[in-house]
Amino acid sequence: MFEELPETERAALNASWRFNAGFDQYEPTGDWRIWLFMGGRGSGKTRAGAEWIAQNIREQKMQRVALIGATHHEARSVMIEGESGLLSVSEGAEYQPSLRRVVWPHGAVATVLSADEPDSIRGHQFDGAWLDEFAKWPEPQAALDMTLMAMRLGDDPRMLVTTTPRNIPAVLELYTNSPEVSVTTASTYDNKMNLARGFISTIEKRYKGTRLGRQEIDGELIEDNENALWQREWIERHRIASAPDCERVVVAIDPPVSKTGDECGIVIAGRAGEEGYVLGDYSRGDMSPKQWAGRALDAFVTFKADEIVAEANQGGEMVRDVITQHMPNAPVKLVYASRDKRTRATPVASLYERGVVHHAGCFAELEDQMCQFDGTGKSPDRMDAAVWALSHLFPFTRHAEPRVRTI
């Protein structure tokens with residue numbers, strides 16, 4: 001029947017969000033205050049959020065809207081100016097970066113706010129809000145609370161929370177807070193026709209058949225592995241917004257086995273006194289040696305690190321060669337793995353349990369890897385890099401017991 005329509009009508013339908021959207025991307029029916037949309041990578045969460053805001057403004061159901069991302073930069077680059085962002089689906093909308101707002105010709109205004117500054121939300125008033133990638137926010141519950149207090153305009157103020165699911169308290173609280181919250185989920189496969197060729201095969205190769213894959217591909221809220229070396233509570237309890245000046249800072253690299261495709265773990269950590277701090281996660285997949293070496297050196301310069309640490313057992317000499325090609329005087333330290341990964345990681349996990357290590361911000365993918373790893377299977381690259389960094393900053397040496405001689 002579609003093929004029988006005139007070409008102009010077929011073109012109009014192909015361009016129509018309502019015609020192409022997946023079922024889970026539509027606004028839920030019923031009486032709800034918060035719509036929680038949890039989806040896998042590339043499942044269409046951003047497009048759903050942008051279209052929902054645009055439609056409500058178009059129909060003048062909303063006039064004062066909050067757009068909240070993990071940072072101002074992410075709100076602008078993803079929610080507003082991204083491929084599926086608000087400007088791409090809104091007629092006549094104009095972004096005013098100096099004022100951090102989007103305005104429409106008829107007077108509607110969307111204020112851009114950052115979740116890393118929850119108090120900046122205080123004092124605003126809204127009749128609508130879109131909160132993106134909520135699970136990776138540094139202080140999700142604090143920012144959500146401030147937003148809820150600002151939802152006091154109009155007859156029926158509503159909020160959309162789009163996020164890849166993570167088993168953190170703030171997400172669990174929303175997930176179980178019915179009937180005020182309406183939950184929809186979508187998988188990566190639901191949006192397969194709009195994703196780049198090869199993306200599906202890449203993420204399947206990396207995640208399919210794993211607990212993390214059910215989260216990252218299927219969009220499921222997965223409980224942490226109860227046998228994992230790390231517990232989510234340890235990380236959450238000791239998380240901080242920013243780290244103090246550190247006496248030593250290292251960039252640790254867990255190089256990929258293949259030249260491209262596998263993820264290269266690059267984690268930055270520091271030590272101040274007896275406390276350790278995870279400062280950054282520059283890990284990424286699909287990089288050539290030249291690319292990940294450049295990324296590691298960017299981290300080295302940005303965080304004013306003292307050393308670059310790499311595992312000698314797994315291409316360490318290659319790491320040294322690639323790094324020094326770009327920065328001949330870079331201080332590269334090769335470390336040797338004489339024990340299995342679980343044994344090597346256990347002392348680092350104990351530092352977290354004791355509250356010695358703090359995450360300065362939220363490193364969602366690293367934390368998920370930590371809270372899934374139980375010592376079996378392939379150990380994740382980000383976690384490995386973090387273990388190398390913290391092991392180097394907190395060397396585990398056993399002091400010999402004093403010998404007593406009797407005469």
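Which residues of strand 6 are buried on one side, and which on the other? In this predicted model, where local features need pLDDT of at least 70, side-chain atom pairs count only at pLDDT 80 or more, and totals for chains, interfaces and linings use all residues, G128, W130 and D132 are buried on one side of the strand and A129 and L131 on the other, and both faces are thus covered. Residues are numbered from 1 along each chain as its sequence is written, and side-chain values use heavy atoms, with hydrogens and water left out.

Helices (H or I, at least four residues) and strands (E, at least two) are DSSP runs numbered from the N terminus, and two strands are said to pair if DSSP finds at least two bridges between them. Strand 6 runs parallel to strand 2 (residues 64-69), to which it is joined by 4 bridges, and V65 stands opposite G128 there. Strand 6 also runs parallel to strand 7 (residues 158-163), with 5 bridges, and the bridge partner of G128 in strand 7 is R158. The loop between strand 6 and helix 6 (140-150) holds E139, which counts as partly exposed because its relative accessibility is 37%. Although E139 and C362 are 223 residues apart in sequence, their C-alpha atoms are 8.3 Å apart in space.

Another sheet description concerns 6 strands, which form an open sheet of mixed pairing in the order 13-12-9-10-11-14. Strand 13 (332-335) and strand 14 (357-359) are the edge strands, each pairing on one side only. Within this sheet, strand 9 (residues 248-254) and strand 12 (residues 307-311) pair in the parallel sense over 4 bridges, and I253 stands opposite A310 in strand 12. Helix 11 (residues 289-302) packs on the sheet and touches strand 9, strand 10 (265-272) and strand 12, its direction making about 170° with that of strand 9; here contact means heavy atoms within 4.5 Å, while axes are lines fitted to C-alpha atoms, for helices over the stretch in contact, and angles run from 0 to 180 degrees between N-to-C directions.

In helix 11, the buried residues are W292, A293, A296, L297, A299 and F300. Seen down the helix axis, the buried residues of helix 11 fall within an arc of 155°, so they line one face of the helix, the arc being that of the directions from the helix axis to the C-beta atoms. On the other side of helix 11, K290, V301 and T302 are exposed.

The largest nonpolar core has 33 residues, and those with the most contacts inside it are W230, V278, Y352, M370 and L390; such a core is a set of buried Ala, Val, Leu, Ile, Met, Phe, Trp, Tyr and Cys residues joined through side-chain atoms within 4.5 Å. Helix 15 gives the most to this core, with 8 residues. Not counting residues up to four places away in sequence, M370 touches A228, L229, W230, I235, Y352, H359, M383 and A386.

Note on methods. Buried < 20%, exposed > 50% of the residue type's maximum accessible area, 1.4 Å probe, protein only.
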